[in-house]
Amino acid sequence: MASPPLPSQIVEFNCKVMEEKLKSLGLKVKHHDENLRFLKSEINAIEEVCVDLAIKLGNYHTSVAAVATNDTSTEEAEQRTIRSILDQDKTAAALVCQLKVRYHERTSNMPLMKDILGFVATLGKVNDDHLSRVLAEYLGMDNMLALVCKTYDGVKGLEKYDKDGIIDKSSGIHGLGRSVGKFLNGRFTVFCLENLRSFSGDVNIDDPQRKLILHRPRLPGGESPPGFLDFAVNMIHLDRAHLSCLTASGHGLRETLFYSLFSHLQVYKTRADIQCALPLINDGAVSLDGGILKPNGSFCLGYSKNLEVKFPVSLEVSSSPENIAEMEEQVKLKNWEKERLLEDMKREEDLLKQVKELYSKKKQELMDYLTHPSLTQTPRDSPPICSPATPGSNPFGAKSSHTRRY
């Protein structure tokens, strides 16, 4: 006759059953958590696409409105910027601009002039006059008039010095200025493309403008803050000739020059939008109504200056109406997909809540059983207790053809 199980064996068996149940519930919790993370990532991806489409649609409608209300062509806007640079007398930018415009045949083959790509103010365009003004004010006149050289040899050729470190006014840009009756006064800024620290992230190769892939600011719910338009570095429009200008390491103007100038500067519609998004701003922000928040956290208040040099405003409509209609349909489809995913998330959250509650309950039952084990009652949901020596026999030795169940 088989011996009945000892009390310690019963407790051990029951604990094992309860632990297995907890383990099973824990796996269900993990499963629902993973489902929620997956759904959240899908929603974030959809929102990213929607934001991109919204920016493109906004740029299109802005361009259309500007074309309808403005008689100034893009070429005229560029000429206006060049004239404003020429008006900055005794600056390096004005001198180089004059040499390129009025003495082109005489200076075009000079190594010094060939290495100068242009000026910050002329290498990029924007599609809104308010954006042109606030970005110019953010950078300041020195940066807007800065020369941009392709190589460090070009930078060295701009200025020569004697053995005492005194500028040689008969050579470099100073010598060229004297040859046309122009003299420089004060310092000037020069950017060297091959020496600038380039953007280390990825570039959107499918975008004709090769915009940088940056992580947009997000509220706790995953959506972009109200009024956020884009990063300033991606709102600069580059001409085809400037898009093809690459450094020896293969980096373009956006990844080098404009990223060094703007970094992750965010652009919003209004000052109020900036104030609401302050916790999400790390590298400064500007708004179309003139708000400026510097990367160091300081605010620029008061009236804006009368800006003499600004970025040209490009009034070209970048997309055709057919493409716009397609993008609008994409937005509708993505919003529908988002709604379905949100419904799935709600179901998963409800299931997760139920499983967690059951897990907590079973865990408490196990703790209670370990504290006050019952030898006469098997814990709920556990199978019948059988003698480990003779499975299927009566654990208490009763002469019965049936196994007793609890």
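**Briefing: rings, cores, sheets and a covered helix**

Ring pairs link Tyr138, Phe258 and Phe262 into a cluster. Rings of Phe, Tyr and Trp (its six-membered ring) pair if their centres lie within 6.5 Å; planes under 30 degrees apart count as stacked, over 60 as edge-to-face and the rest as tilted. This is a predicted model, in which local features need pLDDT of at least 70 and side-chain atom pairs count only at pLDDT 80 or more, while totals for chains, interfaces and linings use all residues. Residues are numbered from 1 along each chain as its sequence is written, and side-chain values use heavy atoms, with hydrogens and water left out.

**The chain as a whole**

- The protein chain has 14 helices and eight strands. Helices (H or I, at least four residues) and strands (E, at least two) are DSSP runs, numbered from the N terminus.
- Of the 406 residues in the protein chain, 38% are buried. Buried means under 20% relative accessible area, exposed over 50%, and partly exposed in between (1.4 Å probe, protein chains only).
- Take the contacts in the protein chain with a separation of 6 or more: residues 24 or more positions apart account for 71% of them. Contact means heavy atoms within 4.5 Å.

**Rings**

- The structure holds five aromatic pairs.
- Tyr138 belongs to the ring cluster. Lys294 lies over the face of Tyr138, at 4.7 Å from the ring centre.
- A charge sits over a ring if NZ of Lys or CZ of Arg is within 6 Å of the ring centre and within 35 degrees of the ring normal.

**Nonpolar cores**

- The largest nonpolar core has 66 residues. A nonpolar core is a set of buried Ala, Val, Leu, Ile, Met, Phe, Trp, Tyr and Cys residues joined through side-chain atoms within 4.5 Å.
- The residues with the most contacts inside this core are Val120, Leu135, Leu257, Phe258, Phe262 and Phe311.
- A second, separate core of eleven residues includes Val29, Ile46, Cys50 and Leu352.

**The three-strand sheet**

- This open sheet has the order E1-E2-E3, with mixed pairing. Two strands pair if DSSP finds at least two bridges between them.
- Strand E1 (116-119) and strand E3 (190-192) are the edge strands, and each pairs on one side only.
- Neighbouring strands of this sheet are turned by 25° against each other on average, direction ignored.
- E1 and E2 run antiparallel and are joined by three bridges. Gly118 stands opposite Val148 in E2.
- Helix H3 lies across E1 and E2, at about 120° to E1. Axes are lines fitted to C-alpha atoms, for helices over the stretch in contact, and angles run from 0 to 180 degrees between N-to-C directions.

**The five-strand sheet**

- The order here is E4-E5-E6-E7-E8, in an open sheet with mixed pairing.
- Its edge strands are strand E4 (228-231) and strand E8 (299-300), and each pairs on one side only.
- Strand E5 (residues 266-268) pairs with strand E6 (residues 285-287) in the parallel sense, over three bridges. Val267 stands opposite Val286 in E6.
- Helix H7 (residues 129-139) lies across E5, E6 and strand E7 (292-293), running at about 145° to E6.

**Helix H10**

- Helix H10 (residues 172-179) is mostly covered, with six of its eight residues buried. The buried ones are Gly172, Ile173, His174, Gly175, Leu176 and Gly177.
- The cover over these residues includes helix H3 (92-102), helix H5 (111-114), strand E2 (147-149) and helix H9 (152-158).
- Gly172 is in H10. Setting aside neighbours within four places in sequence, Gly172 is in contact with Leu112, Gly157 and Leu158.
- Gly172 and Lys156 are 16 residues apart in sequence and 8.6 Å apart in space, C-alpha to C-alpha.
- Just after H10, Gly181 takes a positive phi of about 75°.

- Lys90 has a phi near 65°, a positive value in a residue other than glycine. Lys90 sits in the loop between helix H2 (74-86) and H3. Lys90 counts as partly exposed because its relative accessibility is 47%.
- Arg210 has a phi near 50°, also positive in a residue other than glycine. Arg210 is in the loop between E3 and E4. At 28% relative accessibility, Arg210 counts as partly exposed.
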